[in-house]
Amino acid sequence: MPELPEVEITRLGISPYVTHRTVQAVQVRNPHLRWRVPDRLSSKVTGQKIESVTRRGKYLLLNTSVGSVIIHLGMSGSLRVLKTGTSPQSHDHVDFILGNKCLRYRDPRRFGCILWSNAPLNHRLLKNLGPEPLADEFDGDHLYHAARRRTGAVKNLLMNARVVSGIGNIYANEALFAAGIHPQRAANRISLIRYRILSREMKRILQAAVQAGGTTLRDFQRVNGQPGYFRHALKIYGKEGELCRRCGARIRRKVISGRSSFYCVRCQS
DNA sequence: ATGGTCCCCTGACCGC
DNA sequence: TGCGGTCAGGGGACCA
């Protein structure tokens, strides 16, 4: 499900309900996520006040004064705020009880994770993440530099979290279409000028997606239950066989490194 | 260091 | 209605 915009929408959605609240209990119904939910999670976080909810790449952090809960939503994860006592459905694996509210983690495929760290930004999963794509430090020069020794597809460069964090399959496809770059083009055979265009398009598309509440393909929901509306703004992702909105050529699909890639042969090179 | 391939898991969908 | 195959928004582990 979630790439940067959807994780950010989740953050914005839960933040007002959990910030400054104290965790009174943690209920782990199924600890078997990507990594086992640590047994110490409950003892670490119970009694602590959540001071802020932040995001790094696709990771969410529930920050307390003694450490942070690290949450990743994987492919199918979601967080909702419910009335405490609401009976859990299948795949509702973890609850954080916050007085009369309950922060509930649901993840049918269990590709996500919930971990605890005293120093989350130095955690092995976070410390090597590349810059945030919406930060000033991320620009065409950064991409160009990262691409110097890489002969693989530029799409893989965008989806490499060590190069830039938070970009997944949808937004990589959309940004490359917007920049007119073929997803399979070798990363080291793209000019600085084109990387500057690409980085600008990435920022523009990610910002627009956040504005629209993210992209709902099938099951992404905001905390209020509404879908994200950026799906209607997608120009290339999932549109194999349709006509390019820019030139009318038929959109193609090709699997690159195991992920579906969509592109227009006339507009992207 | 980079770039492949495999795998974790469930659910939706499609063709027969 | 059932069944098998395919696909899905992520990303770490492993190997060449």
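A residue counts as near a molecule or strand when one of its heavy atoms lies within 4 Å of it. In this predicted model, local features need pLDDT of at least 70 and side-chain atom pairs pLDDT 80 or more, while totals for chains, interfaces and linings use all residues. Residues are numbered from 1 along each chain, chains are lettered from A in the order written, and side-chain values use heavy atoms, without hydrogens or water.

Start at DNA strand B. Around it stand His91, Pro108, Arg109, Arg110, Phe111, Arg149, Arg150, Thr151, Gly152 and Ser257.

Now look at the polar contacts (pairs of N or O atoms within 3.5 Å). His91 places a polar side-chain atom 2.6 Å from a phosphate oxygen of DNA strand B. For Arg110, the partner is a sugar or linking oxygen of DNA strand B, at 2.7 Å from a polar side-chain atom.

Turn to the largest pocket. A pocket is an open set of points on a 1 Å grid over the protein atoms alone, where a 1.4 Å probe fits, with protein on both sides within 12 Å along at least five of seven lines; lining residues have an atom within 4 Å of a point. Its lining comprises 36 residues, with Pro2, Lys58, Gly74, Met75 and Arg259 nearest the centre. Domain 1 (4–122) and domain 2 (140–263) both contribute to this lining, so the pocket lies between them; the domain bounds come from an automatic or database assignment.

Note on methods
A polar contact is a pair of N or O atoms within 3.5 Å; within protein, one must be able to donate a hydrogen and the other to accept it, and residues adjacent in sequence count only if both atoms are side-chain atoms.
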